[in-house]
Each structure stands twice: as structure tokens, then as C-alpha cells.
Amino acid sequence: GRGKLAFPCDFSEDVHNTTEYANKLRGKQQVISSAQSILIVGGGPVGVEMVGEIAAQHPGKKITLVHAGETLLTNSAQPIIPAALDKINKKLAGFGVDVKLKTRVTNLPNLQGGDSFVHDPKVLKLTSYTLSNGDTVEADLAIVCLGTVRRNGNLVDAVDADNYVKVGADLQVEGMPKVFCAGDANNLRETKLAYFAAKHAALAASNILKLEQKKPTDTYTVMDGNTEYGVMFVPLGPNKGAGALGKTVMGDYLVSLAKGKGLFTKKTWGFFNKPVPAL
């Protein structure tokens, strides 16, 4: 399996209800607002979207994005079509974001209490971050947007070399009939996105019913059948962004309409048959 993400990308263990969680998020908003210069570590969709949200709400704020890959969004199982990636790069440049590729931050401290915001707890002050290419970045706030790492030990033995759970075409775990694995933990050659995880869950639930009814299970279509180029919607704030569905490239309007305006908040609460809480 994969390890836990850091707050605010995942749940925080020191909050117990929606109000407390919202207040903790507001605290992060205040830290972002007060920071003069921000370093974002990681150029996957979370890091790029974080940059876009900050740049949209705080025009002119100094933002540096550091990513180890040769291009942004390298977590895609199939590469994002270059035209969509070019749109994202141009929009980030328009925000004034300094993007540094093919390098890593070498002196990043351990995250305290699973918190992805790195700064002096008493007062924001400039910290010098060293990059593997020899450059340095000065920032009074760093936000870590890296993916999860491999976890030692698993609930099942059927894992591949990268510790992903091996599944068949109907998402049953290899060698374990009636056991399904949906979401990021399985070994489908697919970009790890909530969009696909929801599709896994729906198919797994349907197939469980089919097994109980002694009917053949349905198979999953990886990446919605897009085998050459990837699928990804990347909003940059509520009104800008770019996306790709295989060879189809989308710009500000469609990405904003599909995701940027609400970041799937209403849809996510809808999974639990709940309205979005008033905060």
C-alpha cells in the first residue's frame, strides 16, 4: 500500500468535526496570505493546482515551484499531450511563477505532525532552501506537495515491484476471489486521480453484486481507453486552467466549469448523500 498524505491534502488527527477542520484550513489561508515568498515542492497536479490557487487569490506574490521531473505533471501514467502542458506552462508564466525543473530540495525538514506547511511557528521569516542543482531559493513558507511513498508491509501478498496491489480486469485482487482493490493502491497503469478512483469504486460495488447474483463481472477500461496520452484537469484558481482527455485539449472555460469553480466539493459530499456544509 501507499503511505499517508500530509495535511491539508489528507485528514488531520487533531480535529474532530467539520468546524474544527474548517478553522484549521482558515489558519493555513492566513499563513499563505501573510507569507511574502512561497516555495511549492512538487509539480504534480496537487502542486500545480496549489500554485494556481495561491496566484489567483494573491496576485503578485512571489512563488517558486520546484519539481524533480523534466516537465510538470510527470505523475501521469501516460504523458499529458504537449499542447495541454504548454497551456499550463504559459499560464504559470503569466502568474509570474518561477518554475524550476529537474531539481530537488535537499534540506527540507521533516514534516511536523503530518503538516505539509513548513515555516517558523512563531513568525514567518526567510529560510534558504538548497536545490540539488546548486541553486538556492529564499522563502518564508514552503508547502510540500509530494506524493505518497511506499509503505512497508501490506494486507495482501499480491503486490508488484512498486508495492501496488495486483488486480485483474474486474478489479479483484490476484489470487483472492471476492476481494477487490480500488483507487491508488491497485496496480492499474493509470494516473492516480480521484476521478479514476471513483470509477473503480463504482465498478467494484457493481461487481460484488454480480458475484452474489452469480452473474459475470464487468471489466474496467483503463484511462477511459486513452492509451497514448493521459487524462487530467488542472485548474489554476477558479477561472483558469487547462486539461486533457487523451488528444482533446481544454482551456480555461471547460476546466473552470468542470472543476475549478468548486474543486468537486459538491460531488464529493454527494457520494455520502450529504449537502455541502455551511461554514
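Biologist: Which residues are buried in helix 2?
Modeller: Keep in mind that this is a predicted model, where local features need pLDDT of at least 70 and side-chain atom pairs pLDDT 80 or more, while totals for chains, interfaces and linings use all residues. Numbering runs from 1 along each chain as its sequence is written, and side-chain values use heavy atoms, without hydrogens or water. Counting as buried anything under 20% relative accessible area (exposed is over 50%, partly exposed in between; 1.4 Å probe, protein chains only), helix 2 gives P45, G47, V48, E49, M50, V51, G52, I54 and A55.

Biologist: What kind of aromatic pair do Y195 and F196 form?
Modeller: The structure holds one aromatic pair (Phe, Tyr or six-membered Trp ring centres within 6.5 Å; planes under 30 degrees apart are stacked, over 60 edge-to-face, the rest tilted). Y195 and F196 sit 5.0 Å centre to centre with 65° between the planes, so this pair is edge-to-face.

Biologist: Which residue has its charged end over the ring of Y164?
Modeller: A charge sits over a ring if NZ of Lys or CZ of Arg is within 6 Å of the ring centre and within 35 degrees of the ring normal. K267 does this with F264, 5.5 Å from the centre. For Y164, at 4.8 Å from the centre, the residue is K192.

Definitions and conventions:
Helix = DSSP H or I, 4+ residues; strand = E, 2+ residues; numbered from the N terminus.
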